[in-house]
Amino acid sequence: MAFQVTPADVSVIISTPSSFGAAGTSESDPGLATERRITPSWTVNQLKGKLETMTGVPPGSQRLQLKSPGQSDQWIEGEDEIIGRWGLVKGSEIVVHDTRPQAMRPNLNDVSSVEKYTLPTETYESLSNSVLAWKKNQKLGRFDPNAQSPEELMHRQAEKDLLELQKRGIAVDKRAITLPSSPPHIRRGTIRFVGPVPDIPYPGVKELGTDGPLPVWVGIELDEPTGKNDGSLNGKRYFTCLNKTGLFVKPEKVEVGDFPPLDLDDDLDDLEEI
């Protein structure tokens with residue numbers, strides 16, 4: 001039997017056309033472009049089977065277009081035809097067109113329904129090459145034997161807050177502005193509450209408790225509805241004011257002074273005269 005030479009593989013570009021995303025979205029698919037080696041003795045059907053793994057388009061929905069340098073574009077048709085008959089050359093490009101309607105194509109850009117993998121805490125803590133392991137080795141953060149606990153840090157913050165109250169002269173019924181403040185974004189109001197607010201958690205502390213001083217907050221009734229509450233948090237009332245005029249801030253964010261109330265009526269009269 002005569003020996004038959006196998007045609008050499010040809011390096012070609014496999015691509016898919018760019019397409020817009022699903023209806024109602026602004027995302028677009030930039031398309032695929034990758035270089036692969038094609039054996040000219042493959043049938044069209046064999047080639048389509050291999051292209052499915054690259055493009056995700058089922059063979060029955062593929063329409064192949066060949067683009068070669070110096071030649072007119074050609075459509076590759078006939079499932080049993082040998083792909084080499086179209087004259088593949090180095091630098092050729094095979095464009096895989098998806099004939100399915102847009103609604104029937106999977107949206108590979110939408111990952112909202114993809115199940116996310118979460119590494120169990122026990123597994124992460126057992127790793128030797130993690131950031132957590134590095135912190136343990138370096139004795140950083142909570143692994144520092146000299147580091148203060150969250151409760152100790154909370155009590156230190158409480159002591160700092162009390163000093164700020166004295167230094168700034170913060171007291172109920174005094175006028176104040178919140179910091180930072182610069183025209184025209186100056187929020188002014190009247191101090192209505194000074195004290196701990198257990199409904200505001202402290203980082204790392206599950207329950208504030210009563211063992212030791214607690215961080216201090218200043219409740220302010222603002223002149224304008226630029227606040228976040230009505231003086232209550234989680235159903236517990238600390239002072240009373242109109243909705244959106246209440247605000248809780250740390251003592252270092254308060255400046256007490258002669259800040260007269262805004263005369264909203266005069267502002268409205270000015271608007272009527274414009």
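This is a predicted model: local features need pLDDT of at least 70, side-chain atom pairs count only at pLDDT 80 or more; totals for chains, interfaces and linings use all residues.

**Stop 1: a labelled stretch.** Select residues 216-250. An unreviewed UniProt entry places the feature "domain: CAP-Gly" here. In the model, this stretch is 0% helix and 40% strand, and its end C-alpha atoms sit 7 Å apart.

**Stop 2: the sheet.** Now show the strands E4, E1, E7, E5 and E6; in that order, these five form an open sheet with mixed pairing. Look at E4 (33-38) and E6 (74-76): each has a single partner strand, so one side of each is left without a neighbour in the sheet. Going from one strand to the next, the twist averages 35 degrees. Zoom in on E1 and E4, which run antiparallel and are joined by six bridges.

**Stop 3: the cores.** Which residues touch the most other members of the largest nonpolar core? Select Ile38, Leu47, Ile83 and Ile94, out of 16 residues in that core. Strand E1 (10-15), helix H1 (44-55), strand E5 (62-67) and strand E7 (93-98) each give two or more residues to it. A second, separate core has 11 residues, including Leu165, Ile191, Ile220 and Val254. Back at Ile38, its contacts beyond the sequence neighbours within four places include Val12, Ile14, Leu47 and Leu88.

**Stop 4: salt bridges.** The structure holds 12 of them. Start with Lys48 and Glu79, whose closest N and O atoms are 3.0 Å apart. Lys48 is in helix H1 and Glu79 in the loop between E6 and E7, so the pair ties together parts 31 residues apart in sequence. Is Lys48 buried or exposed? At 5% relative accessibility, Lys48 counts as buried, while Glu79, at 36%, is partly exposed.

Next, pick Lys167 and Glu164, which meet in a salt bridge at 3.5 Å, N to O. They are three residues apart in helix H4 (residues 150-168), about one helical turn. Lys167 is exposed at 63%, whereas Glu164 is buried at 10%.

Finish with Asp173 and Arg192, a salt bridge at 3.4 Å, N to O.

Definitions and conventions: Residues are numbered from 1 along each chain as its sequence is written. Side-chain values use heavy atoms; hydrogens and water are left out. A nonpolar core is a set of buried Ala, Val, Leu, Ile, Met, Phe, Trp, Tyr and Cys residues joined through side-chain atoms within 4.5 Å. Buried means under 20% relative accessible area, exposed over 50%, partly exposed in between (1.4 Å probe, protein chains only). Helices (H or I, at least four residues) and strands (E, at least two) are DSSP runs, numbered from the N terminus. Contact means heavy atoms within 4.5 Å. UniProt positions are given in the numbering used here, feature names are shortened, and annotations may be inferred rather than shown by experiment. Two strands pair if DSSP finds at least two bridges between them. Axes are lines fitted to C-alpha atoms, for helices over the stretch in contact, and angles run from 0 to 180 degrees between N-to-C directions. A salt bridge is a side-chain nitrogen of Lys or Arg within 4 Å of a carboxyl oxygen of Asp or Glu.
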